[in-house]
Every structure is written in structure tokens, then in C-alpha cells.
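Please open the structure in your viewer and keep the selection tool at hand.

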Amino acid sequence: MVSLNYERMSTVFVQVGQCGNQVGKEFYRTVSKLQEQRPIFADGDGKWRCIHVDSEAKVVKSLYFANKKCLRESNIVSGKYGRGTNWAIGYHEDSILSHTLEVLRREVERCDSYCGTVMIHSLGGGTGSGQGSRLCENIKDEYPMAYILSAVVAPHISGESPLQNYNTILSLGWLQRFSDAVDLFKNDEILHLTMGANAANKTRNSQQTSLADMNCYISDCIAGMCLPLKTNLKKNEKSYLSTDNGICTGNELWEMLRSVCPMPAYKFLHTACVCKSKSSWEATAESVVNQLTRYNKQGNASVSLANLAVVRGDTSSFPYSFKSVEDKLKAGYNCVRWNPFPVDLWTGQENMIGCTECSLTVCANTSSFVEYAQCILTKAKVMYHSKAYLHWYQQWGCDESNFVESFDIMENVIEAYTSAASRR
């Protein structure tokens, strides 16, 4: 008989491509701090429940050698050559796919109760976009009852590759079909936030913002959203995030998905995180709201369908600020009136994020996604109707129906969000 260890998360993390593994590297720094206190992220042998996939070995191998004690070498999956920032090459690469699915199967069997997968990858590159889309499709096919959360990084709008708009729209179409939620991090927005943080802290010149700074912010958002909460309940108190005896089950992440994206038409999320040392909870909530893009270029306000705020750290003073924080978030996120409970608030009494005393992470299902999706869709359609670069995809097995299907899916998503916002 297997004894259940409720202190360990019921989740497998999969990092795909160079971007996904670099974000994962920063995420593990946070996890390693938490592991010292509670082994929530590792199996009984101390190895983390994670898989690293890339078409080239350089990034994943360096990550493994830096974390040998925590990572399984057998969970490193790499190829011999890159994917040329081409979604089609990544999607139709079967050798890496079959190896990854076999590694995932072994990790699932190690879980006491497997609930889902978190995938971290990019939208603009070949491996992250193409292989990430294919993995999402196959994981959902193999484990249809388990959740999939895709934490994805979108390329700069100004352009990182001539193929990025194709790659992004194809990826978004696949993720809408096979993921249960898509947490979108836009490079332009993350760069602006980290430059502002560096300037405010005066520790570095804002122009010295590095890729590591951006990856660190993304990893803080993922950690603030994903990691289990430790709550000391009083006698006879119960929490639906824990068992009746108060033991954490590690299912907070999947409870979050049920809270913020219960309907399949609305699954694109925006996550913001602020770490604080001395400021009040009201000021911290204000800092989160200030990060938001509250209006689009036409001057129309974005609306939020559902929100989850996760408070971590010394929460002894938070009950006195609960109502004001909730009101700030409702106003700042411009919540729809037809949702009677637009903001959920969870608290945990330990914080390992950002090396500060406390943190506030807010995950929101917001219509601000529409402007970004419309921009990418328009650019991709212009290229498609001009037949630009299509032969680069067709020679790798991607036909025009793949593009048309992704266009239709994203148009339906945009229409759904626009309709929900208009019923505010």
C-alpha cells in the first residue's frame, strides 16, 4: 500500500525551448529556497518533478550541471540541431516528442495523485512554439482528465524574427484547443516593468535591464501563482485548499484555474507580482494595479472577468487591509458586474519570492488580451495573404489549413472576450 505524501505537489513542470528553460532556471532558485523548509516540489529521492526539453543541448545541459542534486539526467531531452524559429519544424519533430512523453509517463507514475502539467515555453521560436504546441496536444490526448497550464512568453511586437507572427498565431490556436489556461507574458511589458523597477530601486541603471531580470520577474509570477500555501489554521477551522487535518495537498494551482477560467472560451490570463518589505498592503495592491495596461490604443477600458490574489508572507496585518485591498483590485482591474465574486483572496504565511518579507500575486482573466491577439492576427493574415514565407512551413508538413484554423480560432476568442466585455 502506497502512503500518500500530501506535502508534495501533484504537478509535473515541463520547460520547452531555450526561453522555457531559462525561465525555469530562475523559477528553481525560488523553489530551492522553499525546498529547504518543505519538500513540496521533490519526490522521495529529492529529485524535482520537472522535464527539460530543447532541440539543442547547450541550455538544458548547463541547467542540469548547475542543479545535479535536484534534477534527473534522464529528464533532460535534447536534439542535435535547432528548429530555425519555425513552428512547423518544431511541431513535426517526432524524436524529441516520443522521448518527452516517455519521460513524462515516468514522472506521472511517481506522483501520488497526478493532477496536471505546467508547461513553460515561448511563442516566437521554433522549439518553444512548435514542440510546445505538439506536446500540449499529446499530453491532453494521453491524460484527458488532467489539467494543462501553459505559461508562455510572447516576443517583442517590434520583431525578433520574420516568422514570429506565424509562430505566435499557430501556437495560440493550438493552446486554445488543448490547454486549460494560458498565462501570457509579453516581452515588451516585462521589459518596461523591469526597467521601471531597476530605476525605482536605484541599484542599477534602468538601461542595464538584462534578460535574467525579465526571466526572474516571470518566474516570480509563476511561483506566486503556483506554489502551495502554508496556513496555520486554528482549532476546528477548515480550508478548502487543505485536507480536514490541515495538510496541504498542493492543488492550489488547479483550484486557481477553476476560479479564474471556468469557461473554455476564456482561458487567457495575465499575472502580476509585487514583492514588498516595508510598504503597506494597500500600497502593494496599488503597485500591482499600476502595472496594468488599463486602456487600449482606442481609449477603451479593459475589463476583468475573474481574478485571484495570492498574499504570501507575514499576513498578521492583512485582515485589517482586506477590504481596502479588495476594493483597489476591483476598481483597478475594472471587474465585470455580472460576476458576483470577481476577486478571490488567498493567504499563506511564508514567502520565498523575491527575497522579501511579503508578496502579492494577482492572476486575472482580462480582456486586455484582445488588443494583443488582434495585432498578431492582423500581421499574420497580411503575411499569409501575401504568401510570405509559406513555403518554409509547407516543406515541413504544415499546410494552409493549419493557418486558416488558427485564424478562425483566434477570431472566435477575440469575439468571445469582446462580447463578455460589452456585457459589463
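**First stop: a pair of helices**

Select Ser129, Ser133, Cys136, Glu137 and Lys140 in helix α5, which meet Asn167, Ser171, Trp174, Leu175 and Phe178 in helix α6; contact means heavy atoms within 4.5 Å. By class, four nonpolar, four polar and two charged residues form this contact of α5 with α6. Here Ala, Val, Leu, Ile, Met, Phe, Trp, Tyr, Cys and Pro count as nonpolar, Asp, Glu, Lys and Arg as charged, and the others, Gly among them, as polar.

This is a predicted model, in which local features need pLDDT of at least 70 and side-chain atom pairs count only at pLDDT 80 or more, while totals for chains, interfaces and linings use all residues. Residues are numbered from 1 along each chain as its sequence is written, and side-chain values use heavy atoms, with hydrogens and water left out.

Now display α5 (residues 126-142) and α6 (residues 164-178) whole: they pack at an angle of about 10°, with their axes 9 Å apart. That makes α5 roughly parallel to α6 (angles under 35 degrees count as roughly parallel).

**Second stop: strand β8**

Next, select strand β8 (residues 304-313): ten of its ten residues are buried, so β8 is largely enclosed by the rest of the structure. Buried means under 20% relative accessible area (1.4 Å probe, protein chains only).

Ser304 has Thr366 of β10 as its bridge partner.

In β9, Gly348 stands opposite Arg312.

Terms used: Buried < 20%, exposed > 50% of the residue type's maximum accessible area, 1.4 Å probe, protein only. Helix = DSSP H or I, 4+ residues; strand = E, 2+ residues; numbered from the N terminus. Pairing = 2+ DSSP bridges. Axes fitted to C-alpha atoms, helices over the stretch in contact; angles between N-to-C directions. Parallel < 35°, antiparallel > 145°, perpendicular 65-115°, else oblique.
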